[in-house]
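Take a guided look at the model below. Start with charged side chains, then move on to a strand, a cavity and a pocket.

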Amino acid sequence: MEHPENSAEYKGLTVNSGVKQPSIINPYLKRSVFKRREISVADMVEGILKGDVTILSQAVTLVESVNPAHQQKAQEVIEKCLPHAGKSVRIGISGVPGAGKSTSIDAFGCHVLDEYGGKLAVLAIDPSSERSKGSILGDKTRMEKLSLRQEAFIRPSPTAGSLGGVARKTRETIILCEAAGYDKIFVETVGVGQSETACHSMVDFFLLIQLAGTGDELQGIKRGIMEIADGIVINKCDGNNVDKCEMAATNFRNALHFFPMSASGWLPKVLCYSGFYGTGIKEVWDMIYEYIAFVNHNGYFDYRRNEQSKYWMYETINESLRNSFYNNSDIEERLRQEERMVLAGEKTSFAAAGELLRHYFDGLRR
């Protein structure tokens, strides 16, 4: 663009055009698409067995992926890692939201690594939003001390609306962590609903964290959750809350005597501790290892592991059948038709479900 100052009527004034600026892109840079090197199954298994945290994280990502190619590769990795798994103590940790699960895991993890050594993996199941399907995955930020330990591996996983699928993937992640040399596994649950049952089906010891002084103590004495707990601990036993915690512990102990004896023959203990101040942590872990020694002696440890393997075989079959049904192209169209008829009151829900299932199984026979 010519400057008007350079015209003939302004002879005494000249404006230079300036220096051409070089491109901000390096001219010697070779334009190519940068692709992450895809690790083969053999290399991934070798890295996991060596304890490579980066490769272990990539393998867990494959397990959590919904891509069929990723799932197939993940199953190959799991199958090769399976002979090296099973040599850990699996602890399930659950409790109501706000009970201090993440803070307790931070204190428990540091204690067990300091006292017993080895390596620890923490698998936290984080609830996803029903609206946005997003998840914070912020459990690691509340484990300030444990997240700095080289021998600790912390992996949060979103439920993404499918608790059963996350539970199965968590169990597969346990196998990978055990193959990587982690001899202690913590599984932290959402804290409400069906997650406790799913967690109980993949751990050796199920620890239930309770609170005292939050209202009616009988609300915590619920038959379903109490029956599957191998140990009950009352958190935040500090300051002015000590007497309330001791009273709550007495109530829980009395309630446990009315429940039938567990299949392991172990009577759950009730202890008080403070995850924030780190008091009573040793007593909790003495209880856990006392239980492990007890069930190893009477053979229940191996029996429970075998029952869990059988349980997850059937759960995998159920999930595969469910996915096969809903991903069937013929069913997708007929599902919308049957849904419209149900909403219009032309057919009952049970009749529509029966019609869809008959159509699905007839398609399989063809």
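Asp114, Arg149 and Glu151 are joined in a network of salt bridges. A salt bridge here is a side-chain nitrogen of Lys or Arg within 4 Å of a carboxyl oxygen of Asp or Glu. By this rule the count comes to 16 salt bridges. This is a predicted model: local features need pLDDT of at least 70, side-chain atom pairs count only at pLDDT 80 or more, and totals for chains, interfaces and linings use all residues. Residues are numbered from 1 along each chain as its sequence is written, and side-chain values use heavy atoms, with hydrogens and water left out.

Now take some pairs. Lys50 forms a salt bridge with Glu46, and their closest N and O atoms are 3.1 Å apart. Are these residues buried or exposed? The cut-offs are under 20% relative accessible area for buried, over 50% for exposed, and in between for partly exposed (1.4 Å probe, protein chains only). Lys50 is exposed, at 66%. Glu46 is partly exposed, at 40%.

Lys184 bridges to Asp183, with the closest N and O atoms 3.1 Å apart. Here Lys184 counts as buried, at 5% relative accessibility. Asp183 is partly exposed, at 27%.

Glu307 and Lys310 form another salt bridge, with the closest N and O atoms 3.5 Å apart. They sit three residues apart in helix H10 (residues 300-326), so about one helical turn separates them. Glu307 is partly exposed at 32%, and Lys310 is partly exposed at 41%. Helices (H or I, at least four residues) and strands (E, at least two) are DSSP runs, numbered from the N terminus.

Which way do the side chains point? Phe205, Leu207 and Ile209 point one way, while Phe206, Leu208 and Gln210 point the other way.

S5 has strand partners. Two strands pair if DSSP finds at least two bridges between them. Strand S1 (residues 89-95) pairs with S5 in the parallel sense over five bridges. In S5, Leu208 is the bridge partner of Ser94. S5 also pairs with strand S6 (residues 231-234), in the parallel sense, over four bridges. In S6, Val233 is the bridge partner of Ile209.

Now look for empty space. Rolling a probe the size of a water molecule over the atoms shows where such space is left. On a 1 Å grid over the protein atoms alone, a cavity is a set of points where a 1.4 Å probe fits but cannot get out, a pocket is an open set with protein on both sides within 12 Å along at least five of seven lines, and lining residues have an atom within 4 Å of a point. Grid points are joined across faces, edges and corners, and a volume is the space filled by probe spheres set on the points.

The structure holds one cavity of 30 Å³ or more. The largest cavity is lined by Val60, Glu64, Leu123, Arg155, Ser157, Thr170 and Thr173. Helix H2 (53-64), strand S3 (152-158) and helix H5 (163-179) each give two or more residues to this lining.

The second largest pocket has about 500 Å³ of space. Of its 26 lining residues, the closest to its centre are His200, Glu227, Ile228, Ser262 and Ala263. Which element gives the most to this lining? Helix H10 does, with six residues.
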